[in-house]
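Me: Hi! Could you walk me through a structure I have just opened?
Reply: Happy to, here it is.

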Amino acid sequence: MNEDLSLDWKELGFAYHKTDYNLRCTFSSGEWGEIEVHTDETLNLHMAAGCLHYGQQAFEGQKAFMGKDGKVRLFRIDDNARRMQNSARGIKMEPIPLELFREMAIKAVQLNARFIPPYGSDASLYLRPLEVGTTPLVGVRPADDFLFVLFTTPVGAYFKDGFKPTKVVVYREFDRAAPLGTGCWKVGGNYACGMRATTKAKENGFSAALFLDPKEKRYIDECGPANFFGIRDGAYITPKSGSILPSITNMSLQQIARDMGLRVECRPVELEELATFEEAAECGTAAVATPLSEVYDEANDRSYCFASNGQPGPVTTELYRRLRGIQLGELPDTYGWTTVVDI
């Protein structure tokens, strides 16, 4: 399938690599048009397009995996579609019909099948659905016209060390999202707000920044590009906040945790509570479940440490194993989370 490619599947990193095709569909005059297949990597946008000036832009991230059995699987495609619909509604864009989203995702995988990394490479084909407002605007108002684009790229682990403990840092001078703002939707502005903190974190030897709630600076919110969870006394504990993006990976891990006999607690989590956690991790489509070895609180010069001898904790390891097992066809998908794509 991909024997003619020169890519080193194990050294991909989480970066963009050109694939053969991308798909597009426009919304105009109150209806969605036909799906278009493109080879061009660029978009032709009016310089006054609403997405460029007033931030009407939302996106998703999902993956296709080559399974142990040679079958290609998409993970929780309908949940990605519904979350993108919520993001669109949140910033007054036209929600993409579930059937259209699903059709374009499956077709994008089929058209770019030769870029699906082989089983055992720890890599996958990443899908990036993107919706932007295209109406030329000068006054501040929602766009009337929209473009939905879906492209693919093969990727490796989001963090260069893969499933190994990593360090994150808390900076109180930065917020990821405002109270009652856009934090619960997957829009570009949330990531733009976090770039100063992320850049500072990496410059200081950390993999990401852990954001606190923007109102009191007391509770854990997002962990850089991912959700946060901790393990303590047989419980899977993850923050609850209106500023947190509802992670599909986190929801999946919560279900797996219940089936492992863990209690699941979704509630406000104070930063100081980290001192009582046995394990901690960040989770998301890109990060999967990445264990944390340390959370460093810069303001108080305090470190919360978890991984012993540089190894992931046993509960996080088992959660990761079961989730990846379902995605890769190594374990039965008793939840109906995967969609097998005919290649």
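We can go through the pockets, a cavity, a strand, a helix and a loop residue.

Me: What should I know before I start?
Reply: This is a predicted model, where local features need pLDDT of at least 70, side-chain atom pairs count only at pLDDT 80 or more, and totals for chains, interfaces and linings use all residues. Residues are numbered from 1 along each chain as its sequence is written, and side-chain values use heavy atoms, with hydrogens and water left out.

Me: Thanks! How much space lies in the largest pocket?
Reply: About 870 Å³. A pocket here is an open set of points on a 1 Å grid over the protein atoms alone, where a 1.4 Å probe fits, with protein on both sides within 12 Å along at least five of seven lines. The volume is the space filled by probe spheres set on the points, which are joined across faces, edges and corners.

Me: Which residues lie nearest its centre?
Reply: Y158, G224, P225, A226 and A286, out of 38 lining residues; lining means having an atom within 4 Å of a point. The elements giving two or more residues are β7 (124–133), α4 (188–203), β10 (208–212), α5 (248–259) and β15 (279–284). Those names are DSSP runs numbered from the N terminus: helices are H or I with at least four residues, strands are E with at least two.

Me: Which element gives the most to that lining?
Reply: That's α4, with six residues. By class, the lining of the largest pocket holds 18 nonpolar, 12 polar and eight charged residues. Nonpolar covers Ala, Val, Leu, Ile, Met, Phe, Trp, Tyr, Cys and Pro, charged covers Asp, Glu, Lys and Arg, and the others, Gly among them, are polar.

Me: And the second largest pocket, what lines it?
Reply: The second largest pocket has about 440 Å³ of space. It is lined by 26 residues, with D122, G156, A157, F159 and G162 closest to its centre. β5 (62–66), β16 (288–297) and α6 (314–327) each give two or more residues to this lining.

Me: How many cavities of 30 Å³ or more turn up?
Reply: One, from a search of the whole structure. In a cavity the probe fits but cannot get out. β5 gives the most to the cavity lining, with three residues.

Me: Switching to strands: why is β9 largely enclosed?
Reply: Four of the five residues of β9 (residues 166–170) are buried, so the rest of the structure largely encloses this strand. Buried means under 20% relative accessible area with a 1.4 Å probe, counting protein chains only.

Me: Which strands does β9 pair with?
Reply: β9 runs parallel to β16, joined by five bridges, and also pairs in the parallel sense with β10 over three bridges. Pairing takes at least two DSSP bridges between the strands. V168 has V295 as its bridge partner in β16 and stands opposite A208 in β10.

Me: Which residues of α3 are buried?
Reply: L98, L100, F101, M104, A105, I106, A108 and V109. Helix α3 (residues 98–111) has 14 residues and reaches 20 Å from first C-alpha to last, close to the 20 Å expected at 1.5 Å a residue; that expected span is 1.5 Å times one less than the number of residues.

Me: Last one: is N112 buried or exposed?
Reply: N112 counts as buried, at 0% relative accessibility. N112 lies in the loop between α3 and β7, and its side chain reaches the backbone nitrogen of D20 at 2.9 Å.

Technical notes:
Buried < 20%, exposed > 50% of the residue type's maximum accessible area, 1.4 Å probe, protein only. Polar contact = N/O pair within 3.5 Å; in protein donor to acceptor, adjacent residues only side chain to side chain.
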